[in-house]
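I opened this entry to get my bearings. My notes follow in the order I looked things up.

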Amino acid sequence: MAATAPESQTRPAPGPAPDPVSFIRVRTTVPRRPLPPNAVRQPIYTERLVLRTLTMDDLPDVRILRTQPEVMHWTAAGVPDGDLEQTRSRLMPFLPPGDGVTYNFGIYDRATGEFVGMGGSHQFRSSLGWPEIGYMIKKEYWGKGLGTELVKGWLGAWEALEREEVELEVDARTIDEEEKAAVAASGGLVRERLIAITATGNDKSQGVLQKAGFEWFLTWLALDSVKGSGPESLIELPSFRYFTQGKKSE
Ligand SMILES: CC(C)(COP(=O)(O)OP(=O)(O)OC[C@H]1O[C@@H](n2cnc3c(N)ncnc32)[C@H](O)[C@@H]1OP(=O)(O)O)[C@@H](O)C(=O)NCCC(=O)NCCS
């Protein structure tokens with residue numbers, strides 16, 4: 001029997017980077033903004049983790065996380081933070097008043113209380129137009145299924161947020177032709193999506209996303225600012241989407 005090629009080898013060639021000029025306007029839902037502030041957010045418990053809102057007291061732990069080269073290699077920054085002020089500026093968006101549009105949590109070992117990492121939605125409008133999820137785990141905790149556990153746990157809280165109907169400018173490639181046609185015919189809403197953008201080679205993160213219910217839909221080319229600005233600096237960014245079963249607003 002012929003072996004089946006891995007999904008990553010059967011995907012079409014990468015496309016161009018998202019260009020807001022060519023975005024399409026869709027009617028859909030998103031979590032109602034401002035999001036519930038940190039002060040009222042309840043901890044999210046999974047089997048081994050607790051996800052809690054971040055405070056400036058977490059700065060030393062966030063500093064350790066954001067200076068691990070193995071972790072930062074796979075983030076948009078690509079390299080560890082420089083000074084402490086840079087780390088502070090990366091934590092600030094998750095504290096009030098930034099919590100009106102971010103839904104990012106500190107992740108702690110439920111048994112020991114130790115800081116494991118951080119994750120959630122750090123951007124309400126990703127480069128593809130939809131809300132985006134991201135996560136980082138300290139390297140000592142990799143390979144134990146914690147990334148998958150945190151994403152699944154966080155998704156439950158994200159889906160439980162109250163929704164509002166909005167018009168959103170999004171990259172047309174986030175929506176299949178069949179859905180565009182169905183929405184055009186019925187006048188209904190485009191299904192809400194959550195986006196995750198990975199880099200080629202980040203098999204761990206892609207494994208996490210697939211196990212949490214995301215599907216690959218697009219790979220695009222971007223300039224890797226760490227590598228420079230020439231054609232040799234182009235990297236492929238496989239992107240995933242998740243169809244959010246959002247709670248309907250009253
Ligand atoms: C991505 C990250 C959160 C994963 O955390 P983790 O706790 O190690 O992930 P998990 O153990 O839940 O799952 C990884 C899964 O991916 C798959 N996977 C792991 N290593 C793999 C590899 N080398 N090749 C292919 N698949 C792999 C497996 O399915 C694995 O599940 P398993 O442990 O049940 O076999 C962590 O590696 C990290 O913080 N990386 C740096 C930051 C980052 O990449 N963030 C995401 C940016 S998109």
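Predicted model: local features only at pLDDT ≥ 70, side-chain atom pairs only at ≥ 80, totals over all residues.

I found 22 residues around the ligand, and W74, G147, T148, D203 and G207 come nearest.

Which element gives the largest share of the shell? I noted α7, with 5 residues.

Next I sorted the shell around the ligand by class. I got 9 nonpolar residues, 10 polar ones and 3 charged ones.

**Cis peptide bonds**

I turned to the backbone and looked up cis peptide bonds. One runs from R33 to P34, with omega near -5°. Where does P34 lie? I placed P34 in the loop between β1 (24-31) and β2 (44-45).

I also noted a cis peptide bond that joins P96 and P97. Its omega is about 0°. I traced P97 to the loop between α4 (84-91) and β4 (103-109).

**The UniProt record**

Last, I checked the annotation. In an unreviewed entry, UniProt lists residues 49-229 as "domain: N-acetyltransferase". I take that label from the record, where annotations may be inferred rather than shown by experiment.

How far apart are the end C-alpha atoms of residues 49-229? I have them at 40 Å. I also wrote down the make-up of this span: 30% helix and 27% strand.

Technical notes:
Residues numbered from 1 in each chain as written. Near = placed C-beta within 6 Å. Helix = DSSP H or I, 4+ residues; strand = E, 2+ residues; numbered from the N terminus. Nonpolar A, V, L, I, M, F, W, Y, C, P; charged D, E, K, R; others polar.
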